[in-house]
Structure formats: structure tokens, C-alpha cells
Amino acid sequence: MAHSGYQQRRRRIAWILVAPALLLLALAAGWPLVRTFFFSFTNAMLDNPSEYQMVGLANYYAANGGDSRGVLVDPLWWQAVGNTLWFTVVSVGLELLFGMLLALLMNQKFRGQGLVRTAILVPWAIPTIVSAKMWGWMFHDQYGVVNDLLAKIFGYQAHLAWIAEPSLSMWAVVIADVWKTTPFMALMLLAALQLIPTDLYEAARVDGASAWQRFKRITLPLIMPAMIVALIFRIMDAMRIFDLIFVLTSNSEATMSVSGYAREQIISYQDMGVGSAASVLVFMMVAGIAACFIRVSRLNEKEKR
Amino acid sequence: MKKLTLSLITLALAGVSNAALADTLRMECPISPGGKEYCNYVKDRFEKQTSNKLEFIEFPAASDEKLALLQQLFAAKDEKAVDLFQSDTIWVGLLDKQTLDLTDAVADMKGDFFPGPWANDTVNGKVKAVPAYLDTGVLYYRKDLLEKYNEQPPKTWEDLTRIATKIQEEERKAGHKNFWGMIFQGKSYEGLTCNALEWIDSYGGGTFIDEKGNVTINNPKAAAALDMVAGWIGKIAPKGALGYKEEESRSVFQNGDALFMRNWPYAYLLSQGADSPLKGKVGVAPLPAGPDGKSANALGGWQWSINANTKNKDAAIALLKILTDADSQKMQLKYLGFAPTRSALYEDKAVLETAPHLTLFKEIFANAVPRPATATKSQYPRVSNAIFNVTFKVLNGGSDGKTAVADLEKRLERVKGKDWH
């Protein structure tokens, strides 16, 4: 009995200690979320949010005879969803690949290692707005360094309009994003790599395992948890991408992301109702992906046991 | 000592007399260089003329950020936040509910201003703002190159296409590899709406939506205008123009890599700067005309509006009158370089001495065409968005003029619903 009383007290103290943090979280994250949910059921306008009517689910979907409306039947929304998913898969895929290569490289012992590790962080430290503007000029069709390099290396003088042509502009966004966030991926993976005990590799080498076998059987399984965390972070970030696209290609429908769509509804069109509905959908997409990942990684762990 | 006592007494007296009826008004002060000097000039006059005080506040420079902030201030119903502020040309309909009706107060001023901007500031017959300074699309050209190839500034778009094709070809033959005939703002943003309005209206295709609010875009002339411009892309205009805003296009022009440029008047003084390779080589003209001989220059610029919730309407109107009279407009030009909205000032000797280039702009300002913002009220951002996205699609080859204007009509009708609100 005394034992359980102690447990109870411990639990109470734990709650008291955590309470301020929880309260802060509820205020900073929970309250805006609840408000957004609430406004998504109203027809509030940004310039006068205190006067509104409840419209139920009309901002999401409303059948209105043959003419249905709402975010879910807006073709632009679905295009934004497609853009966002494409961007997420391609950019996070490339970041994982390059991040892994960089991490393996930095994990080797060589002179100037510290310098390389610091240097590699530079793109990540530059604010997105600044790097977007910078890449905007680098992609300039007349004077941009990208076209200049293409001309010098491949003799290809085409003056590609990177941020203007719909077929290229999404790639321009991906290139700028990969440049910026690969260092983050690389550092996460490097931290995991350095936790692997070196004697494992020595033992494998003694057993005659090739470099590829050592990577597949030792490195990959051991850094998997860290990799999944890094992937979750990056995917959630990529799903809500906004600033890079907005600065680089403005309101072009060819590159509009779901956050860009929500911003357009709320800020440009002053329509808090529809904009909140879109924001809620963005939230559900991001949260859904996070939940899937966590589930998958739990299943993996159970299997191992 | 005596002097000090005296001034202290005056100060005290002033304090007493002011306390009875004085208010403190808050006005937006432009953040550009020279803004402080200009605002202090206005403050001096206002405080001498009325017994009120004047304070200044600053807003973000970017138009859309400023609008978002203003909307938040209005939403918070904070009537003390600002009494007088500048609205963008396209906000007057949008901010209808938040701005004071000035119809009676400024009735006698109408004839002194350029008609285009004045019409833009009138919503449903009520004057809701007074033009502060002007901005409009103009055509820049290289005087030296036209002379070299024995050409005149183009009067029609057809002229422009022909001259641009010829000179571009010749210049490239002469070794100037990345020389282009014409550049403009083709990125999908508000600036493209202005460009599209100029092309379509000069072709006789109307202004997308007429003053009564009817959607007029679906017509063959508008389609022809869009097809003409789509024909430039990759030929006399670089594909990259589809990613240019004002500054990107100016960089190409000012670097000497283009013959013609559509831009706003601000680019003129910059092209004449000491470090500009084009010093003395740039001419300005109204934009070319369409097949029927009509030319159209999109209207831009800013307007003085009064917050509808202001506590002291009389003082705010007095301040507005000071701000928009001829003397203040001269000071505005002197300190900030902003083009006046009173037409008489374009014949004023003192003005033309400070800014000789204004003679070039007078005719252009007189013909400026407003975007369909006032009639479409709070729906204008959606209207403009539909316009620039559909135009963008034609320019990048994803659609042709005829399909585009039909598509745009459908989109605009959907935005309109039963009526503009």
C-alpha cells in the first residue's frame, strides 16, 4: 500500500511539473488550431472576423444543385495537393540521397573535417526568403549563373526560363530546397553514424564482408531510427512549404502548394472561412503522414523483438 | 531669460486653449527617403491651421503586406490606430466600408484632378479617396538604337513588333547575342494584370469588367490581343519575361540588352542615373495603340483615404485638403519624387524645373485606365488572380486567346456570383 501511495505522489508531482509546459503548448499551439477549426465552419472575413455566420461544412463541400462548391471540389486545391505531394516526394528523396552521401563522407577521418562540417551548414543557416531571392537571380534567364554554367559545361545556350516555364519552375523550387535542407539531413544521419561502434565494422571486415554488405547489414539498420525521424521532419516541412515557392514563382498555379492556396484564400481574398478550411486540410495531411510514420516505425520495432 | 519666460507662457496658453478641442490625428508617413521632410512640412501647416496635433505612423512598403496590416487594424476596430492613410489604386472598392465618404467635402476639387484616377476613387457615385500621386504603364525605348536603324518610336503594336524583330536581328548579327526586342512583366502576379489590361484595352477588347460590373472579356478583340503577345514569346521577348517583375525587367533593359520595355515611370530616373550605361539614351512614350488606334496605359498610384471610424472627421478632412492641394503636391514631388495628381501642375514652371521629365508623362497620365477594381469591390483580388493566371497560361503556350477569354469569362462570372460585394 505504501508503495502505491508513493507511486501516486510521484505521478502527481510529475503532472505538476509538466503542467506549465502543457499549458503553454495549449495556448501557443492548441488555441490557434481550435480557432482555425472553428472558423472553417463560418463565413468570416479577415477584415471583420467578429461578424460571421455558421455555414457548417459548406467551406469544405456544399452540393448546390449541379454547381457544388467548397475547397474539396476546387480543381485548384487538387492541383495544389498534387504539386505539394510531387514536391515532397522528389525533394525529400533527393535530400535523403545526398544527405546520406554527405554524411558517409563526413564520417570518414580526414584533415579539415571540422571545417567541412561547419561549411556544409551554411545553406541551412540562411533564411529561406534570402536563399529564395538569391536563387531567383541565379535562375535568371539572361544573367543567371545556372544558365551560364550550363552553357560553359555543355555548350548549351538556351536561356532557360527556370522560374517562368511551368515545366521547369517546379524543378527550380526542388533544386533550391534540396540545396537548403540537405545539410540538415546530412547532420541527422551523421549523428547516427557516429553512434555505431567501430568494432562492428572490424568484425565484419574480418568475416570478409564487402563495403556494400557492411553498409546494408550494419549501417542501414542501425541508423534507421534516426533516418525515420529525419524523414518525418523533412516530409512534414516539405508538405507545408510556402515561402520558397511564394518568393521564387509567386502566385503561379503551376507551382502553388497547399499552404500557398490557404494563404491566398485568407490574405489575398480575405476569406477566413475557406482559408481556414484549407488550413485544416493541410493540418490533417501533415498529421496523417506523421501518424503513418510513427505506426510503421513501431511495427518495425515489434517485429525486431 | 525674458525670451524663455515669454515662450513658456505662450506654450502654457497654447496648452490650455488646445485642451478644450484639440485632438491628435495619426497619419501615414511614406517611408521613402525624403518622407520625413515632407511629413514635417504637412505637420507644420496642419498644426498652424487647426489646433490639433499630428502624429505619424509607418506601414510596410509592400502593398499586400500593408493591406493585410490595415485589415487587421480595421478588424480590431481600433479607431485611434490611423486617421489618414494611403490606399493603393485597387483598394478603393475593397476598403469601401472602412473609408469615410468624402463626396460633399471634396465636391469642388473634382475638375482640378486627372479624370481617370478621380473615377477610380469613386465607388457607387461616392468619392471615397483623393488621388495622392500617379503611376502608369509607359513604353521605354532606346533612342540611340532607333536612330541607328532609322526608326521612329512605335505608334502601334504592329510597329513595335516589326521594329523589335528587325533591330533584334541586326543587333544579334552584330554580335550582341542576348539582345531582345521587348520586355515586360510576365510573372503571374498583379503586374501581369496591368500588362494584360493595356494590351486588351488598346485592342478595343475592354477592361475585363465594365463600370457597371458586367463581365466583358469574352470578345474576339481581347483574344487577338493575347494572341499577339503570345506571338512575342521566344521571338522578340525572352521566355524568361514570364518570370519578370518590374526590377527583373529593368535590369535587362538598363543593362542594354533590350530595345523596348514596358514599365512604370520610376524606371526613368534610374535609367538616367550617373551609373547607368543608358544615360541620355532612353525615351518614353505612351504604350502603342491597337488596330483601331487606341492606346491604353494602366493606372497605378496611391490615394489618400480617411478611416471611417476616425474620431475627428473635420480635422481629418482639413488635413486631407492640405495634403492634396497644389503646394503640398509640389513638396511631395520635391522631397519624394511622386508625380502630382492635379493636372495644372504639369504646366507649372517651378514644377517642370524640378522634374523636366514630367512633360513626357502628362499625356500618358491623362489617358490612364484603371483596373476593374472599384466595380468589383472586395472581390477584386480574385478577379485579378483569375486574369493573371489565365493570361500567364496563354503566354506560356498552354492555351490560345480564344479559349482563354472564354475560360476567363467563366471564372469571372463564378467569382461574381449574383453580384460584386
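User: Which residue is the bridge partner of B:Trp180 in E9(B)?

Analyst: The general idea is that strands of a sheet pair through backbone hydrogen bonds, either parallel or antiparallel. In this predicted model, B:Trp180 has B:Ala258 as its bridge partner in E9(B). E8(B) and E9(B) run parallel and are joined by three bridges.

User: How many bridges link E7(B) and E9(B), and do they pair in the parallel or antiparallel sense?

Analyst: Four bridges link E7(B) and E9(B), and the sense is antiparallel. One residue to look up is B:Tyr141, whose bridge partner in E9(B) is B:Phe260. E7(B) also runs antiparallel to E10(B), again with four bridges. There, B:Tyr140 has B:Val284 as its bridge partner in E10(B).

User: What is the order of the strands in the sheet?

Analyst: The order is E8-E9-E7-E10 in chain B, an open sheet of four strands with mixed pairing. E8 and E10 of chain B are the edge strands, as each of them pairs on one side only. Ignoring direction, neighbouring strands of this sheet are turned by 15° against each other on average.

User: How many residues of E9(B) are buried?

Analyst: A residue is called buried when its relative accessible area is under 20%. For E9(B), six of the six residues are buried, so this strand is largely enclosed by the rest of the structure.

User: Which helices lie across strands of this sheet?

Analyst: Let us take two. H9(B) lies across E7, E8, E9 and E10 of chain B, and runs at about 155° to E9(B). Helix H14 of chain B, residues 358-366, lies across E7 and E10 of chain B and runs at about 25° to E10(B). When you read such angles, remember that they are taken between N-to-C directions.

User: Is helix H9 of chain B mostly covered or mostly uncovered?

Analyst: Helix H9 of chain B, residues 246-254, is mostly covered, with seven of its nine residues buried. The buried residues are B:Glu246, B:Glu248, B:Ser249, B:Arg250, B:Val252, B:Phe253 and B:Gln254.

User: What covers the buried residues of H9(B)?

Analyst: The cover comes from both chains: it includes helix H5 (128-138) of chain A. From chain B it includes strands E7 (138-142), E8 (180-183), E9 (258-263) and E10 (282-285), along with helix H10 (266-271). Just after H9(B), look at the backbone of B:Gly256, which takes a positive phi of about 90°.

User: Are B:Asn150 and B:Lys377 buried or exposed?

Analyst: Check each relative accessible area against the cut-offs: under 20% is buried, over 50% is exposed. B:Asn150 has 72% and is exposed, whereas B:Lys377 has 18% and is buried.

User: Now for the other chain: how many helices and strands does chain A have?

Analyst: Chain A has 12 helices and zero strands. The radius of gyration of chain A is 24 Å, well over the 19 Å that the globule rule gives for 305 residues, so this chain is more spread out than a compact globule. Along its principal axes, the C-alpha trace of chain A spans about 85 × 75 × 35 Å.

User: What share of the residues in chain A is buried?

Analyst: Buried residues are 42% of the 305 in chain A. Among contacts in chain A with a separation of 6 or more, 64% come from residues 24 or more positions apart.

User: Which residues of chain A does the UniProt annotation "transmembrane region" cover?

Analyst: According to the unreviewed UniProt entry, the annotation covers residues 85-106, 118-139, 159-179, 218-236 and 277-296 of chain A. Residues 118-139 of chain A are 82% helix and 0% strand, with end C-alpha atoms 26 Å apart. Residues 218-236 of chain A are 100% helix and 0% strand, and their end C-alpha atoms lie 28 Å apart.

Key. Residues numbered from 1 in each chain as written. Chains lettered and ligands numbered in written order. Predicted model: local features only at pLDDT ≥ 70, side-chain atom pairs only at ≥ 80, totals over all residues. Heavy atoms only, no water. Buried < 20%, exposed > 50% of the residue type's maximum accessible area, 1.4 Å probe, protein only. Helix = DSSP H or I, 4+ residues; strand = E, 2+ residues; numbered from the N terminus. Contact = heavy atoms within 4.5 Å. Pairing = 2+ DSSP bridges. Axes fitted to C-alpha atoms, helices over the stretch in contact; angles between N-to-C directions. Rg over C-alpha atoms; globule rule 2.2 N^0.38 Å. UniProt positions renumbered as here; feature names shortened; annotations may be inferred.
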